Amino acid sequence: MTMSAGWYLRRLSRMGPQEVAGRVGDAVRRRRWRSALPAGPGVTGARFTAVLPAGTIAAVPPDAVKRLVADADRLMDGHAEFFGVVRDDLTDPDWWFDPKTGRRAPAGYAFDVPYRSEDAVGDIKQIWEPSRHQYLTQLAAAYAVTEDERYAERVAEHLRSWWEANPPLRGVHWISGIELGIRLLSWVWIRRLLDGWSGAAGLFEDNPVAVNQIWHHQRWLAAFPSRGSSANNHVIAESAGQFAAACAFDWFPASERWRADALRSLDRHLRGNTYLSGINRELATEYHGLVLELGLAAVAEADAADVPVPVSVRLVLLRMTDALAAIVDNRLRPPRQGDADDGHGLVVDGAGTDRWGSLLATGDAVFGRLPWWPRVTGTDVRTPLLAALVTPTEPSARRPAERPAHFADAGMTILRGPEEIWCRCDGGPHGFLSIAAHAHADALSVEVRHDGVDVLADPGTYCYHGQPEWRQYFRSTLGHNTLQLDGGDQSVSGGPFLWTRHAETRVLSVDTSVEDTAAWSAEHDGYEGSVHRRRVELTGARRELRVIDEVRGPRRAVRLAFHLGPAITADLEGNRARLTWTKDGEDRSAVLELPGQLSWQAHRAETDPVLGWYSAGFGRREPATTLVGSGFTDGTGGFTTVLGFRGQGGT
């Protein structure tokens, strides 16, 4: 995908004067750097002292070690999967090759590479992901827990290969700050985890090539921070990576300044990216996880280096952790809200490790769990590693005495019922900052689960670049469990990461205090001349969820969509759908009574137009059933939908 002149004008319109001036300065700097690449400062006597305390590795649970080593052995055989694409070439990777399209990114000055064009470069996410070097942190962790030098030697081979293939400012891996920031954090942990290996110093501090790469990465991040309307999770990754490297690799004249500047940026942007309730302002749950991982890793580096951290940094991370504990379902799955690209801050665990359980376990180790937190039964590698570096502190903030259900600033409400019925209601802002890059047009959407199974599902994200029709669908109003008018979206898109008009949503009432019935209502003005109002009621005694939609305004064409999870089978007859699925060997069922004023059809795995899909993770999609009712608003009443759950065994 290449960006048109119209896109650049729309993008410019979302910037303020300060951001425009900063970007002009960036452009000038890029031109100057093209012909004036400086040599890094000579470093002698560098040492790495940010090691793990004695006994840390012994505290890693055996089952977590087993999962990690199994993944490491697959990597040693060259096998990995990135965003649904299986790779068998990781014994000797081509760092610029995209196996999805078969294309190879062009060489040359980094800022000349047209990375948004799949025709010229390939799928940029497929190229960038291995070069975050998080699979190398897995191999380094496998060395740390086994002392098997094969893992360390493979890490060294790949780092030397990458450094040779990617000299400073040459090629596709020197374009995006988030990639440089996460890569630096990976290098810090690789060096830490390889500390017992005899070749560790020769790979890093005694290696002029490595020292030069580390210096240039930090120089780049200091020069080109994400600005203004782009200061979302990217700037957190840039600041965290810069800070971690300036703490652990403090070998340069500029290290102290880089460390101080990065910490100020991290403090400022953690606060700016997070509501006081602890919910991430992008309203994209996976980015909540990414930012929390990055923040915890940065605090670990600070404590390891005895660098004081502002109280506000720990306070934001505490609030984010408590918020995560509050919003997960009984299986520790958080909402599937907004964009998701499977991004992680630090990867040292094997497949099968529960990401969200791991974050809550780390939060327990660092901040202490509250009585209402859900229990975490799984184990992980990362928690004992981070906990060994972080200095425990007594939280200075008042924490919730009971599990919160409504996050007013984020517009998120969680309704809970018997048999682990979980419902998320969306009455929040349309994303973060003026472009709302990772938002979806999902105002007033609901997401419903039964014992962790998606019943009314948020379909997910699937892709960012290269497939515009799929990108458009997964972020569209029709692609969510809400109501669409006249075939358009509630908010207006100006590009794959740009919204030029944002629907305004207002929560009208929330009542989760009544013993048997929880209720929520909200409205939005995304359709000019009309107001869509929705009320949701969850009645425990009847195991019933009722959704009432009203449209105030002139007569308009309406489509009401309900997306079923991939495990759900639907039998639609008229306006009644019988839903069935299996969980833990038990047959489960529900009945969905749909508004009779609309004409209902079931859609599954359709491509022209796209409809009836579910994306469990970035780059992956599978067929799922979507029920769509079509008709017209008439101003005489609302559309009522009733979802009634049966007991186990279908009774």
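Q: If contact means heavy atoms within 4.5 Å, which helices are included in what covers the buried residues of α12?
A: This is a predicted model in which local features need pLDDT of at least 70 and side-chain atom pairs count only at pLDDT 80 or more, while totals for chains, interfaces and linings use all residues. Residues are numbered from 1 along each chain as its sequence is written, and side-chain values use heavy atoms, leaving out hydrogens and water. With helices (H or I, at least four residues) and strands (E, at least two) taken as DSSP runs numbered from the N terminus, the cover of the buried α12 residues includes α10 (208-223), α11 (233-248), α13 (285-304) and α14 (311-327).

Q: Which residues of α12 are buried?
A: Buried stands for under 20% relative accessible area, exposed for over 50% and partly exposed for what lies in between (1.4 Å probe, protein chains only). In α12 the residues that count as buried are Ser255, Trp258, Arg259, Ala262, Leu263, Ser265, Leu266, Asp267, His269 and Leu270.

Q: How far is the C-alpha atom of alanine 254 from that of tryptophan 215?
A: Alanine 254 belongs to the loop between α11 and α12, and it counts as buried because its relative accessibility is 13%. Although alanine 254 and tryptophan 215 are 39 residues apart along the chain, the separation of their C-alpha atoms is 9.2 Å.

Q: How many of the 13 residues of α15 are buried?
A: Those buried in α15 are Arg355, Trp356, Gly357, Ser358, Leu359, Leu360, Thr362, Gly363, Val366 and Phe367. The helix α15 is largely enclosed by the rest of the structure, because the buried residues among its 13 number 10.

Q: Against which helices do the buried residues of α15 pack?
A: The residue that follows α15 is glycine 368, which has a positive phi near 90 degrees. The buried residues of α15 itself have as their packing partners α13, α14 and α16 (382-389).

Q: In the eight-strand open sheet, which residue of β27 is the bridge partner of valine 547?
A: This antiparallel sheet has the order β13-β14-β15-β16-β27-β20-β19-β18, and its edge strands, each pairing on one side only, are β13 (505-511) and β18 (569-573). Within it, where two strands pair if DSSP finds at least two bridges between them, β16 (residues 544-552) and β27 (residues 639-645) are joined in the antiparallel sense by six bridges. In β27, the partner of valine 547 is threonine 641.

Q: In the four-strand open sheet, which residue of β17 is the bridge partner of leucine 485?
A: Here the strands run in the order β10-β17-β26-β21 with antiparallel pairing. The edges are held by β10 (483-485) and β21 (599-604), each of which has a single partner strand, so one side of each lacks a neighbour in the sheet. Three bridges pair β10 with β17 (residues 557-563) in the antiparallel sense, and in β17 the partner of leucine 485 is valine 558.

How values were computed
Contact means heavy atoms within 4.5 Å.
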